[in-house]
Amino acid sequence: MIRIILNEWKGWLRTGQFRWLIIFLVLILAAVSYFGVQDVAKRQARIDGSKQEVRDQWENMGASNPHGAAHFGSYAFKPLTALSALDEGVNLTAGRVLRLEGHVQNEIVHSSQSQSVFISYFGPLKASILLQIVIPILIIFLTFYGIKGEHEQGRVRLLMVQGISYFRLIFGKVISVWVFAVLVLLITLIIQLLTFNESISGDLLLRTGLIVLAYGSFYLIIGSITGLFSLKWSGRSSALTTMLAIWVVWLIFLPKITSWFVQEQYPLPSRQEFTDAMREDRSKGIDGHNPSDEREKALKDSVLKVYGVTSVDSLPINYDGLVMQADEEYGNKVWDKHFGALFGVMQKQKTSMQYAGFLNPFGSLQSLSMGISGTDQWSHLHFQQEAEAYRRVFIKALNDEHAFGGSRTGDWGWKAEQEFFNQIEDFHYKTPLYSKVSSFYWPDWISLGLWLILSLFMLAFFSRNANPISQ
Amino acid sequence: MKKLIYFEWLHFSRGLARPIAVLLFLFAASFGIYNGFSSYHERVAQVQAIEESRAESHQEVFDWFESGTEGPEERPWVKISTPFWSMWYAKHQLIQNPDPLMVYNIGQSEHFGYYKRVSMWSTAFDDDLAAEIANPEFVQLGALDFSFVWIYLMPLLLIVLTYQVKGLEQDVGILPLLRIQQPYTGLWLLRRLMIIGVAMLLLLSLLVWIPELLFLKSSQTTGVFALWMIYASYLFFWLVLVFLVIYFGKGQADQALKMVGLWLLFAVAIPGVVNQYVLLRKPADLMLSLIEANRDGQQEIWDRPQDKVIEEALAVLPELQGSDAATNDSLLERQMINAAYRLVWSDYIAGVSNKIMEDQVGRNQLISATYWFNPVGGYHKWLNGISGTGHEASLRFRRKIQEATFSINQTLIMDEWKKRKMDRASFVEYAQMFESDRVMERE
Amino acid sequence: MIQLSKVNKRYKTNSALENLSLEVKAGQIYALLGANGAGKTTTINLLLGFLEPTGGDVKLDGLSPYFNRRKISERVAYIPENVSLYPFLSGLENLEYFCDLAGIDQSKASLVEILSKCGLPSEFHGQKVSEYSKGMRQKVGIAIAYAKKAKVLLLDEPASGLDPAASNELTGILKQLAGEGATILMASHDLFRVRETADRIGILKHGSLVEELNAFEVSANNLEDMYLQYMKN
C-alpha cells in the first residue's frame, strides 16, 4: 500500500501540471492562512480598542444620575476566536456590537456584510473555503484519474498479475490522495498556529485536532465515493459528471434547499411581530395576566408596608429605582419568554440542519468547522445570552444605586459619584471551552462517522467484488 | 446548421448526465424564483401590516381630537394639541418598498432593515433598523434566488454541457479526421457552442419572462428586460471563457479541470481575495463614532448654554429668524428651547451618520475598483442596483431616514415657535409628511 | 503446465469459447492464432483468473486460476499487446515498482542486469518511459516477467506494432526464456512471427480450436494458406 501511495505521489510531482498545481495550492493556503491570522488579529485589536474606548468614556463621564447612566449604557463587542482565521462562520453576517442599556434588550448589529456592496458569496478567502471547496474537488479529480488512468492505460491486468488485489489497488489510490489532502490540511493548520499571535491554549490545540478529524473524515468520504463511482461507472464522463454533480449538490444545492425547508418547518417571527408581542406582554402582562399598572400598585403597597409609611414621598429611599428595577425584572421575564422561544426555534433549525447532514456530509463538515472554530450560530447566541446576563447585573447595580444610593423619590437630578460607576465591572466575554459545548455537535460527528463507515464499506465491498477487467 | 443542431441534440440526449443536470438546474431556477416571489410577498404583507397598525394608532388619535381629550388616560403628560406629541403620535414609518424585481434578485436585502419608525430622535444607524430576525447561519448561506442560480450554477451547467465538446473527439482520436472534413476547427467549435449558447439563452428567456407574465402580470417589463440583458451578458462572458478553454483544450479531463478551475477562480477565489483585502484595508465599522455621538456628543449638546443653542438653531434653520421668539428671548418656553436642542442635535447626528455613510461609499468604491478582474462581484452589484436590493439602495434609505429626522425636527421647531395648536387636520398633515417617500430604491 | 479441457465461456448470449482443449508443457511456446474475436484474449483472461469459465476445466500449474488468483499471480507473468507503464517513471523505476508489488526483493544491480538481458540498452534505463518506443516498453514488460521468474508467460499480441528488428529481438528473448524452462502461451494473428517463435500452433475460430500443429511441420506459406482456408469456411 505504501508503495502505491509513494508511486502515486511521485507521479503527481513528476507531472508538470500537477506539480505546479500542488505548489500553487500549498502557497495559496499558506498565504491565506497568514493573511487570515493577520486579519483576525487586526480586527480583534480594533475590537479591543473600541471596548477600551467605550469603557474609558464610562469611567470619565463624571458624577451622573444612575438612570442617566443606564441610558448612557454599555457596549458589548463580540470578540473573534483564534480559529476565526480558519473559518469566519457567521462572523461577517451577524454583527459584533451590542448596546446594553436600561429597559430594552437590543440586537447585535453592524455586521460587516451590511456595510458594503456585495463582495463574495462564499465569504473572504479563508482557509476553510479552500479546504471545503477546492481540496474536495482536487480529491475528486486526483482519485478519479488515479483509478480511471490505470484502467484506460491498460495497466490493471499488469498490476494484478503482480499479485496485488484490486481492493488494495483501489484503496491505495484513495488513500494516497487522502494522505495528500490531510498533509495540506496539516500544513495549513501549522501555519495558522505558528503565525498566531497569542499563546496556544490546550483548548485551541483540542479544537485544531478536531478540525483535522472532521476535515480528514470528510476527505476520506469524498475520496471513497469517488473511488466507488470510478469503479462502478465504466464511462469516464458519467463518473466524473456524477461526482461533480454530487459536489455541487452537497456544496450548494442541499444546504440551500434544507435551510429553506427548515425555515418553513420552524418559522421565525418577523421583527415587527416579535417587538409587538414583547411590548404587549410588558404592558399588559405576560399572557394578559398582571398588567403593568397592577404590578406597580402591588409593588407600591408592599414597599410602603415594609417601610411602614403611607406615601412614597415619605420613603427613606428612592422609590423610582425600585419601580425601574421591578419593571426591568418583569421585562427580563418577557425577554426570556420571547427570546427563549426564538432561541428554541433557532436551535430546532440548527438541529434539523445537523440531521440533514445524514443526507449531506458537507453540511456536517460545515457545521463542525464553524462550531469548532467558535463562529457558528450557537456561539453567536451564547455571546448574546452572556451579554444579556451582564446587562441585568449592570442595570440592577444602577437601579439599586438609584433606589438606595441616598436620593429620595422623584429626585431625578441626584448624581452618583464616578467611583461608583468605576466599581461596576466591564463585560468580559470568554468563548466557552470546547469540552463544555461538545454535546451540541454530536449529530454532526455521528453523521460524518456514519458516512465514513458507509462509504468505506461500499468501496471495500465493491472493489473486492468487482471484476477489474470489465471496468 | 440543421444537421449540427441535430447532432448536438444527439450528444445531449444520449446519456443521462446532461439531461439530469438540466433538470436539476431548472428545478433550482424555479425554486429560486419561487423563493424570490415568497420573499417579496412576505415583505409586501409586512408593509401592509405596518400600515394597518399605523392606521389603527392614527384612529386612536382622531378619537382624542374628536372627544377633546389630550391623550391616553394612563399618560396624563401627553398633550396631543402640541406639535411635539402630535408628531410623536404620527408614528412615521419610513418604508423601503419591496421591489417586485426581488422575485429574481433578493440580493443583499436580507442584510438590511426596510422599515423604520422615525421620530425626532432617530438616526440612520439605529438598532431598530436591523434586518429581519433570521438564523445567522442561514443568512450566511445566502438566499437561493434566480440570480444565485444564474451566476453560480449556470456556469456549472455550461461546463457539464460543453466539457466534452472537442475533448471527446480528441480523446477518442477522431480529431484529425474531423480536421480533414472541416479545416476550420475554430468555426466548427464556434457553431457548436453557439447552438448550446442559443439553447441556454432560450432557457434564460423562459425562466425570466414566464414569471413576469404570470406573477408580475407584465408590470415590470423594463426592469425584467434590464435583468435579462445582464443575465444574457453573463452567459456570453462564460461562453467566451468556455470557447477559449476548449480551443486550447487537450481532451475532456483537461477541459473539465480547467473549466471547474475557472469557476472556482471567478466564483470563489477572486471574490474571496477581494473580500479579504477589503477586510484588511477597511475593516467593518464598529460604529464607535456613532457611540461617541450618542454618548459624549449628545451630552455635550445638552450641556451647552441655551442662548448658544438658540443661536446654532437659527444658523441651521435661518427661516426661524423672523419668528417672534427669535427676536424676543422672553417668549421662549421650555418646549421651544427643547426643540432648538433637538434641531441642533439632529443636525449634528446627520453629520456623524453622513460620515459613516461616506466611509461605506469609500468601501464600495474600493470594491468597485476590482470589477475589471472580479466580474462576479460586478454582476451582483449591477443586478442589485436594478432590483434595488443592494447596499446602495440601503444607503439611500438610510439617508432618507436621516433627512426625515431632520425634517421632523425642523417642522417641530417651526411649529413650536409659532405655538401652533394642533387639530385633526394638522395632525393628518404631520402623518402624511413622508408619504411621497415610499418608493423603491432602484438605481 | 497449462491445461484447458473442454472449456466454455459465454458472455450473456454470446459464446466466446466452445469446448476449447489445449495443453502447453514447460519449456514450450504455444501460439494461438485467430481473427479478432476468435477467443484468444478470453483464453488469456481465463488463465489469468480474471474470468470464470462457464464450463470445462482450466488449470495452470495444477491450479484453477479463477479460484487461486493469488497463487497464480506468483507463477504467471503477463505481457499485453501494449505494455502500458507509468510514463513518469524510468524503465528501471517501473521494473522496481512492479517487482515490489509482486513482493520480489531485487537489488538495483540485478534489476539493471535483467533489463539489459531483456534487450533494453543501459543508456535508456534511467530515461522516463514516456520517451520510450513501443518495443522498448515491451522489453520492460518482459523484464517484469523475467524478474518474477514466472513459470508461465502469457502474451497477448506481443509483436503487434513492433518493427521487424524489434519483433525479431522479441522472438529471441522468448526462445531464451523458454529455453530456461518457462511455459509460454502467446495470442497473435501475425502468422510469420508465430511460425518463427512458437513450437506449437493452434488455430482458433469462433472460440473453438480448429487446428493444432507443430511449427516445424509447416512453412510460413503453408501456414498462411491453411489459416485463410479455415477463416473462409
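Domain bounds here come from an automatic or database domain assignment. This is a predicted model, where local features need pLDDT of at least 70, side-chain atom pairs count only at pLDDT 80 or more, and totals for chains, interfaces and linings use all residues. Residues are numbered from 1 along each chain as its sequence is written, and chains are lettered from A and ligands numbered from 1 in the order in which they are written.

**Stop 1: chain A.** Color domain 1 (2–37 + 124–265 + 448–470) and domain 2 (59–123 + 269–435). Their C-alpha centres lie 45 Å apart. Now select the touching residues: 33 of domain 1 of chain A are in contact with 27 of domain 2 of chain A (contact: C-beta atoms, placed from the backbone, within 7 Å). On the domain 1 side, α8(A) (202–232) gives the largest share, 10 residues. Helices are DSSP runs (H or I, at least four residues), numbered from the N terminus.

**Stop 2: chains A and B.** Show α2 (residues 16–59) of chain A and α10 (residues 252–281) of chain B. They pack at about 35°, axes 9 Å apart (axes are lines fitted to C-alpha atoms over the stretch in contact; angles run from 0 to 180 degrees between N-to-C directions). Select A:F35, A:D39 and A:K42, then B:Q276, B:L279 and B:L280; these make the contact.

**Stop 3: chain C.** Select C:A143. Leaving aside neighbours within four places in sequence, C:A143 is in contact with C:L95, C:I114, C:L115, C:C118 and C:L120.

Notes. Two residues are in contact if their C-beta atoms, placed from the backbone, lie within 7 Å. Helices (H or I, at least four residues) and strands (E, at least two) are DSSP runs, numbered from the N terminus.
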